[in-house]
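Thanks for coming, everyone. I'll walk you through one structure, a piece at a time. Have a look at it first.

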Amino acid sequence: MKCSYTVVALTPQQIVYQNLFSTAFRAHGEIVQSQPISPTGESWKTEGDQNVMAGEALDRRNIWEPSVYYALGKESFYFAGHNISIRESIDSYGALIWPGAVALCQFLENNQQQVKLMDKAVLEIGAGTGLLSIVASLLGAWVTATDLPDILSNLTFNLLRNTKGRSRYTPQVAALSWGQELERDFPYPSYHYDYVLAADVVYHHDCLEELLETMRHFCRPGSQTTLLWANKIRFQSDVKFTERFKSSFNTTLLTELPQQDVRIYEATAKE
């Protein structure tokens, strides 16, 4: 298992990923690194918060239904009538599957009359391994999956592996750094989506304001875009973000899974 660090030209999200994994590997006994520092020069987070995310990343016991089973570096699922094989990587939190993504996949599959993805334009932000985008594609959507540039290789691999010859449309992949060059790279209304999907994009990191800005960019007044956000609640900062999210959009709590601490929200722009 190897971990490499880039020391120049990092986006805030890349700093988040690398800081988190310095703790994950330290907990696993392979790499020791000093307390990470935020872009502002302050201590990035408490040791307790780090241990929560590191422990969750390295504890691969799966609490979901029997259709989900784990093998090192790979997870297999059954959604929308298809076996789905996901390649993971321990070198980035964006290359792991988190409970919010599985929960939202299950919700989309079980509520197809409520959320009709057939022939709809769908954008996923923070797509990670691509599981959610794969399921949306298999349900008939025209999907664009986005994440940081260094996540896209594994994301593309998983998308093509699981949708080729199966999906109505070939899913697209694009780089998107939250809050950066949104008007340049995704100008409205040229880039308009019926649905925006986000799963486990909120945890204790320094990009929450940029994330909310990105959500507002795609789900703006007059767009008629619906945002579906699923997240496990881990930290007090998650609760605070949820309150800001509710004040920014018209929101509905679609479902809550108490055992997993996962909530799924539907949101539309305030006109």
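Start at Asp261. This residue is partly exposed, with a relative accessible area of 40%. Find Asp261 in the loop between strand 9 and strand 10. Its phi is positive, about 55°, although Asp261 is not a glycine. Keep in mind that this is a predicted model.

Why point that out? Most residues other than glycine have a negative phi. Now go to Asp119. Here phi is near 65°, again a positive value in a residue other than glycine. Asp119 sits in the loop between helix 3 and strand 4, which covers 121-125. Its relative accessibility is 40%, so Asp119 counts as partly exposed.

One more backbone feature. Most peptide bonds are trans. The bond from Tyr188 to Pro189 is cis, with omega near 10°. Pro189 lies in the loop between helix 6, residues 182-185, and strand 7, residues 195-199.

Tyr188 comes up again with Ser223. Setting aside neighbours within four places in sequence, Ser223 is in contact with Tyr188, His192 and Phe218. Ser223 is in a loop too, between helix 7 (208-218) and strand 8 (226-232). Is Ser223 buried or exposed? Its relative accessibility is 3%, so Ser223 counts as buried.

Step back to the whole chain. It has eight helices and ten strands. Of its 271 residues, 52% are buried. Take the contacts with a separation of 6 or more: 67% of them join residues 24 or more positions apart. The accessible surface is about 12,300 Å², and carbon and sulfur atoms account for 49% of that.

Next, helix 8, residues 236-248. How far apart should its ends be? At 1.5 Å a residue, its 13 residues should span 18 Å. The end C-alpha atoms are 19 Å apart, which agrees. Now the sides. Ser237, Asp238, Phe241, Thr242, Phe245 and Ser248 are buried. Look down the axis of helix 8: these buried residues fall within an arc of 145°, so they line one face. The face turned away from that buried side carries the exposed residues Gln236 and Lys240. What covers the buried residues of helix 8? The cover includes helix 7, strand 8, strand 9 (249-257) and strand 10 (262-269).

Just after helix 5 comes Gly165, with a positive phi of about 75°.

Gly73 is in the loop between strand 1 (69-71) and strand 2. At 27% relative accessibility, Gly73 counts as partly exposed. What does Gly73 touch, not counting residues up to four places away in sequence? The answer is Ile86, Arg87 and Glu88. Gly73 and Arg87 are 14 residues apart along the chain, yet their C-alpha atoms are separated by 6.0 Å.

Last topic: the nonpolar cores. The largest has 36 residues. Phe77, Ile84, Leu108, Leu117 and Leu131 have the most contacts inside it. Helix 3, residues 99-110, gives the most to this core, with seven residues. Follow Leu108. Beyond its neighbours within four places in sequence, Leu108 is in contact with Val115, Leu117, Leu132, Leu139, Leu197 and Leu228. There is also a second, separate core of 27 residues. Among its members are Ala121, Ile125, Ala198 and Trp229.

That's the tour. Questions, please.

Terms used:
Residues are numbered from 1 along each chain as its sequence is written. This is a predicted model: local features need pLDDT of at least 70, side-chain atom pairs count only at pLDDT 80 or more; totals for chains, interfaces and linings use all residues. Side-chain values use heavy atoms; hydrogens and water are left out. Helices (H or I, at least four residues) and strands (E, at least two) are DSSP runs, numbered from the N terminus. A nonpolar core is a set of buried Ala, Val, Leu, Ile, Met, Phe, Trp, Tyr and Cys residues joined through side-chain atoms within 4.5 Å. Buried means under 20% relative accessible area, exposed over 50%, partly exposed in between (1.4 Å probe, protein chains only). Contact means heavy atoms within 4.5 Å. Accessible areas come from the Shrake-Rupley method with a 1.4 Å probe; for residues, only the protein chains shown count as cover. The expected span of a helix is 1.5 Å times one less than its number of residues. The arc is that of the directions from the helix axis to the C-beta atoms.
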